[in-house]
Amino acid sequence: MEFTERSTVLENELVELQRIHQKNDWVFDLGYTERYLQRRTSAIIVTDTHQHITWTSRGFVRMTGYSYCEAYRQKPTFLQGPRTLQTTRTKIRETLQAGKVFEGSIVNYRKSGAVYSCQVTIIPILNSASKLTNFIALEEEKKNFFHAIS
């Protein structure tokens with residue numbers, strides 16, 4: 001993809017996130033998302049309060065192999081599998097239920113069945129009335145993961 005095409009995609013994704021931001025009256029600085037939109041090994045996932053996917057960046061498609069339509073309304077747990085540690089799953093659930101930010105690594109599976117690991121930050125998003133409206137996951141694929149498990 002040429003630079004002008006990539007910058008257009010980045011601008012379009014920022015516009016989409018700004019629309020979601022305004023619609024849900026988020027109290028969240030979208031500046032945190034820009035680096036995840038710019039990197040080819042990064043992805044952003046937005047879910048509703050029940051953790052059903054409502055939006056993904058194009059990086060999600062590159063990272064997982066799933067299209068937005070395949071992921072829409074699913075929970076991100078559909079990416080997990082046998083190598084996803086139960087302790088990680090529990091920590092994510094407990095942290096988000098407490099209304100806190102989760103930061104850590106998780107093992108997921110691509111559509112092809114290939115295993116990958118990513119560093120993830122999951123942030124509960126509040127609106128101006130301090131009501132939870134969404135979660136946003138900022139993910140960076142770990143490239144040296146396969147060397148660690150070989």
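Helices, of at least four residues, and strands, of at least two, are taken here as DSSP runs and numbered from the N terminus. On that basis the chain contains six helices and five strands. Their order, starting at the N terminus, is α-α-β-β-α-α-α-β-β-β-α. The mean pLDDT of the chain is 90, with 89% of the residues at 70 or more. Residues 1-6 stand under 50 in pLDDT, and for them the model has four contacts beyond four places in sequence. Where pLDDT is low, the predicted coordinates should not be read in detail.

Two figures describe the chain as a whole. Of its 150 residues, 43% are buried. If contacts between residues at least 6 apart in sequence are considered, 45% of them join residues at least 24 apart.

The strands may be taken in order. β1 (42-47) runs antiparallel to β2 (residues 53-56), and three bridges join the two. Within this pairing, T47 stands opposite I53 of β2. The hairpin of β1 and β2 has five residues between the strands, and Q51 there adopts a positive phi near 65 degrees.

Five residues lie between the strands of the β3 and β4 hairpin, in which G113 has a positive phi near 95 degrees. β4 also pairs with β5, again in the antiparallel sense, over nine bridges. Here I125 is placed opposite N134 in β5. The hairpin formed by β4 and β5 has five residues between them, and S130 in the turn shows a positive phi of about 65 degrees. How many of the residues of β4 are buried? The strand is mostly covered, with 10 of its 12 residues buried.

Attention now turns to the open space in the model. The largest pocket holds about 450 Å³ of space. Its lining comprises 22 residues, and those nearest the centre of the pocket are Q51, P76, I92, L96 and I122. The largest share, five residues, comes from α5. By class, 11 of the lining residues are nonpolar, seven are polar and four are charged.

Several individual residues complete the picture. T88 lies in helix α5. Is T88 buried or exposed? Its relative accessible area is 14%, and because buried means under 20%, T88 counts as buried. Setting aside residues up to four places away in sequence, T88 touches F102, S105 and I106.

E13 belongs to helix α1 (residues 3-23). Although its side chain is of the charged class, E13 is buried, at 2% relative accessibility. Beyond four places in sequence, E13 is in contact with L37, W55, S57 and R58.

G31 is found in the loop between α1 and α2 and is partly exposed, with a relative accessible area of 43%. The C-alpha atoms of G31 and L14 are 9.6 Å apart, with 17 residues separating the two in sequence. R40 occupies the loop between α2 (34-38) and β1. At a relative accessible area of 47%, R40 is partly exposed, and its C-alpha lies 8.4 Å from that of M63, 23 residues away in sequence. S67, in the loop between α3 (58-64) and α4 (68-71), has a relative accessible area of 28% and is likewise partly exposed. Between the C-alpha atoms of S67 and S57, which are 10 residues apart along the chain, the separation is 10.0 Å. The contacts of S67 beyond four places in sequence are with F60 and V61.

Definitions and conventions. Residues numbered from 1 in each chain as written. Predicted model: local features only at pLDDT ≥ 70, side-chain atom pairs only at ≥ 80, totals over all residues. Heavy atoms only, no water. 1 Å grid on protein atoms, 1.4 Å probe; cavity = no way out; pocket = protein on both sides within 12 Å on 5 of 7 lines; lining within 4 Å. Points joined across faces, edges and corners; volume = space filled by probe spheres on them. Pairing = 2+ DSSP bridges. pLDDT = per-residue confidence, 0-100. Contact = heavy atoms within 4.5 Å. Buried < 20%, exposed > 50% of the residue type's maximum accessible area, 1.4 Å probe, protein only.
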